[in-house]
Amino acid sequence: MNHLPVLYYNSEKAWFTMAIFKDWFNKHFVPAVRRHQAEVLKLPADEVKALLILDNAPVHPSGEQLVSEDGKIRCMFLPPHVTSLIQPMDQGVILSCKRLYQRRYLDKVLVVLEDEEDVTDDTRGKKTIDNIKNYNIKSAIFNVAAAWNAVKITTLGNAWKKLLYDAEVEYDFEGFEARDFHRILRRAGEGKVSKDDVRTWLDDTESDPGFQVMTEEEIAHDVLAGDNRDDSSDEGEDDEPLPTKPKLSVVRESLDNLISYIDLSPESEIQQYYPHFRTFREIIIHKQHQSGKQLKLNSFFKPARPNIAEAVEADENIDDPRAQSLQPSTSGYQPPAPSDSE
């Protein structure tokens, strides 16, 4: 969990809770604000202050619980039913982040070919389905983090301009319009998808607040249904085969191709990754050598191969009484050596 690009929490029912939010506020948000204002804004410690603006989601604790020890970092809640009108994040910021995530999702699961010659043996559909099956929570976490980091500073600035100055701003979605997504899907062989289908997919999450206010009856029904799902899910857990780790030789070949591509690329933004992939390849080569030296446990118990020549010689001497008398005794008794008179 320490290597994830986000702060990861979990709850028994996968719901956001007040305890999680309060822990995030005190252990992460407050220290991050202090660090940013001290290191970036160069403010003295006694001048650090901030106001966190929240909507009235049920999972948010009260304002009295969300206050720093010195009282200078606190929260303020927006009035109900006005979130879409005055919340800064709803002025294009969340929408931009969602579009960036959706684009990264398609980049992750779709298979796009470079030229038409490769279409003769078109396996894009099968590979895309396999990629969708392998898309997991970890994939989503990294894509969400990358999408948020890709949100432009101008997008954040425009959100405040609309609120503070009532200025009409245009959202910068260049490269993330419906036509752009439609073009990517067609290149991946999804010719039956129309632009209207893409618009429906893009617009489907725009009005999603990220939470649902449930009645007591709905909560009780969902909890009971969740318990039943947990019991039934255990029965079919082994139906789906677990993903297999690629062989070291396959990883090595892929790295060789990557390094060759980077080496031949004139772009500096690609060239900067050359030493990283070389280092990674050295690690894989080292692991290959290690795996070659390791012996299986049963290799220590292999029976010794008999010496055929000695076995044949023993058979030839089996009728010789002197040879028989010279054979070692398993009981430890050694017969007396024959005398010359015999």
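Before starting, I noted the rule for angles: under 35 degrees counts as roughly parallel, over 145 as roughly antiparallel, 65 to 115 as roughly perpendicular, and the rest as oblique. I also reminded myself that this is a predicted model.

**Entry 1: α3 and α5.** I looked up helix α3, residues 93–109, and helix α5, residues 137–149; their axes come within 8 Å and cross at roughly 130 degrees. The two helices are therefore oblique to each other. I noted that the crossing of α3 and α5 is right-handed. Next I checked who meets whom: from α3 the list includes Val93, Cys97 and Leu100, and from α5 it includes Ser139, Ala140 and Trp148. Sorted by class, this contact of α3 with α5 has ten nonpolar, two polar and two charged residues.

**Entry 2: α3 and α8.** I then turned to helix α8, residues 195–203, which packs with α3 at an angle of about 125 degrees, the axes being 10 Å apart. This pair is therefore oblique too. On the α3 side I found Arg99, Gln102, Tyr105 and Leu106, which meet Trp201, Leu202 and Asp203 of α8. I counted four nonpolar, one polar and two charged residues in the contact of α3 with α8.

**Entry 3: Ile20.** Is Ile20 buried or exposed? Its relative accessibility is 11%, so I wrote down buried. Ile20 sits in helix α1, residues 18–39. Leaving out residues up to four places away in sequence, I found Ile20 touching Tyr9, Asn10, Ser11 and Trp15. For Ile20 and Asn10, ten residues apart along the chain, I noted a C-alpha separation of 8.4 Å.

Key. Residues are numbered from 1 along each chain as its sequence is written. This is a predicted model: local features need pLDDT of at least 70, side-chain atom pairs count only at pLDDT 80 or more; totals for chains, interfaces and linings use all residues. Side-chain values use heavy atoms; hydrogens and water are left out. Axes are lines fitted to C-alpha atoms, for helices over the stretch in contact, and angles run from 0 to 180 degrees between N-to-C directions. Helices (H or I, at least four residues) and strands (E, at least two) are DSSP runs, numbered from the N terminus. A crossing is left-handed if the near helix is turned anticlockwise from the far one by less than a right angle, and right-handed if clockwise. Contact means heavy atoms within 4.5 Å. Ala, Val, Leu, Ile, Met, Phe, Trp, Tyr, Cys and Pro count as nonpolar, Asp, Glu, Lys and Arg as charged, and the others, Gly among them, as polar. Buried means under 20% relative accessible area, exposed over 50%, partly exposed in between (1.4 Å probe, protein chains only).
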